[in-house]
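Reader: Could you walk me through some of the labels on this model? I'd like to hear what each one rests on.

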Amino acid sequence: MKYIITVFIFLSFLFTGFSQSIAVDKLSELNKIMEKEKEYDGQKEAEIKRLQEKLSTVSQSNLAEQYDLSVQLYNAYKVFKYDSAYQYSRKAHEIAYRLQDSNKIAYSGILVSFTLLSSGLFKETADTLDAIHTSHLPDSIEAEYYAVKARYFYDMADYANDDYHKPVYNKEGGFYLDKALALYTPSSFNYSYYSGLKDIRSGNKASAQINFEKLIAGGGLSKHELALTASTLSDIYIQNKQTDSAIYLLADAATADIESSTKETSAMFNLAQLLYKEGNVKDASMYIEYAINDAAFYGARQRKVQLISILPLIEAEKINKVESQKAILITYAVAITFLLLIVVVLAITVYRQVVKLKHAQKVIYDAHQKEHEVNQQLAETNRKLSEMHVKEQEINEALAQTNAQLSDVNFRLSEANKIKEEYIGYFFNANSEFFNRIERFKKSVEQKIADRKIEEIKFLVNSINLRKEKEDLLRNFDKAFLRIFPHFVEEFNQFFKEEDRVELKDGEILNTDLRIFALIRMGINDIGKISQILEYSVNTINTYKTRIKNKSIIPNEEFEKRIMNIKTI
């Protein structure tokens, strides 16, 4: 039903031409089918396994059933895997000789020939075909013999592809195809398909196109037959410059090949070639690699050579496309995003310090208000000296507490300003250096593009070491932090027994344990933010914190408060 719907879609656009969007949609469908390749291949392998198990249970004396099962296994492997197809065609051929059945000997010899031809072994194909005697054969077997022989000469013409040998081989192929057509039933698929193929080889494209379109419109084709017909018809559209129609048909053919687990196919290769010529290098590269994998899996020698010859052209074109530039931009976008994240963290830190400053100002205001109220009370209670003395003491104590609070607030404001100045300076220095490096890289790339030194551009891109950039960024953070809190490590270690203290390795300024609490000391208490900066999961950061607190001689609930009491310079 799916393919009948495809036929109706095809016919509805036949006279107006396929639009580009329809071709794109068809490629999208193909890409989804490609993801299910293993599922379809699994079904094929399950069918093969069932036949193999059945063959293994057949009695050694039952040669007729062994022959039939060997032929069925050949047909299962015919367009799936060359070496297995060849193995079972040879097995059927040997059994046919043991049965002394001339028809089976001839038919199994044709199977061997087809397998050899599919793998590109032309001499072996010719030798096997020449050994087959066609006299007294049934029409169906004799027609298959001539069809394989016609394909042999057509493949030889395609392989030679010159002005001298190609016409000779095409003529021979047409001769044997006429013999096959004379034996096929006119209503059969083989008769219709080979008639169209003969028209193509003889240059009668218009007749061939009508023949193949009728064959597709008639429905009832197997997936392999549909793939074969659509792929062949697409070649006519390519010659007629109907590119979108050709892409649609080749995508349909490739889809049918995947669903039927056909590895001996040219549809995917032809689709890749056509897309490459149209400038769609991304899809062309994906399809050519898929076709190479299919050819390697099947074992088609001439197909692998044909495919590998175009792969370097497609890959070279990919280098010149925007995809490579996009990858470079994405790399730098990640780095810039990381720096922007640091800016956001610093902005949050500064904002929190401003909030603390406002709170300190409120404390000062409240203190002034209280002092004013006390002065009013003193003016009103001059007569009550004893009570005034008591209130004076209370005021003095309140002032002492206020002054202590002010002293603490002033210290924290000073500390916040120091952190702000240090890290804002560090951020702008880091950004300045980073953008200078981008500028130098941009100039290098522009120069090498102008000089067409593509490989050197790849080298420049590959030389970008994001891991090292991250390590450098963290190292610079460590240095900046220790300029503000030079005794942080020593004071941190005072919270632990001697055997549990942090010991830095050679070259380390801070390690992950210290960085987590360094960020907390800076006022970053959000575990999510800390996990983003250090590129660990939230669970990992929590695990680190719990492990460190459990080792400490300080109670867990007091640990972070003691961290916050570590002083700057």
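**Salt bridges and burial**

Author: Let's start with Asp178, which is partly exposed, at a relative accessible area of 38%. This is a predicted model, where local features need pLDDT of at least 70 and side-chain atom pairs pLDDT 80 or more, while totals for chains, interfaces and linings use all residues. Residues are numbered from 1 along each chain as its sequence is written, and side-chain values use heavy atoms, leaving out hydrogens and water.

Reader: Why is Asp178 called partly exposed?

Author: Buried means under 20% relative accessible area and exposed over 50%, with partly exposed in between (1.4 Å probe, protein chains only). Asp178 has 38%, so partly exposed it is.

Reader: What makes Asp178 and Lys198 a salt bridge?

Author: The term needs a side-chain nitrogen of Lys or Arg within 4 Å of a carboxyl oxygen of Asp or Glu. Here the N to O distance is 3.5 Å, so the pair qualifies. Asp178 lies in helix H9 and Lys198 in helix H10, so the bridge ties together parts 20 residues apart in sequence. Helices here are DSSP runs (H or I, at least four residues), numbered from the N terminus.

Reader: How do you know that Asp41 and Lys263 meet in a salt bridge?

Author: Their N to O distance is 2.9 Å, so they pass the cut-off. The pair links distant parts of the chain, 222 residues apart.

Reader: Why are Asp41 and Lys263 called buried?

Author: Asp41 has a relative accessible area of 11%, so it counts as buried. Lys263 has 6%, so the label holds there too.

Methods
Helix = DSSP H or I, 4+ residues; strand = E, 2+ residues; numbered from the N terminus.
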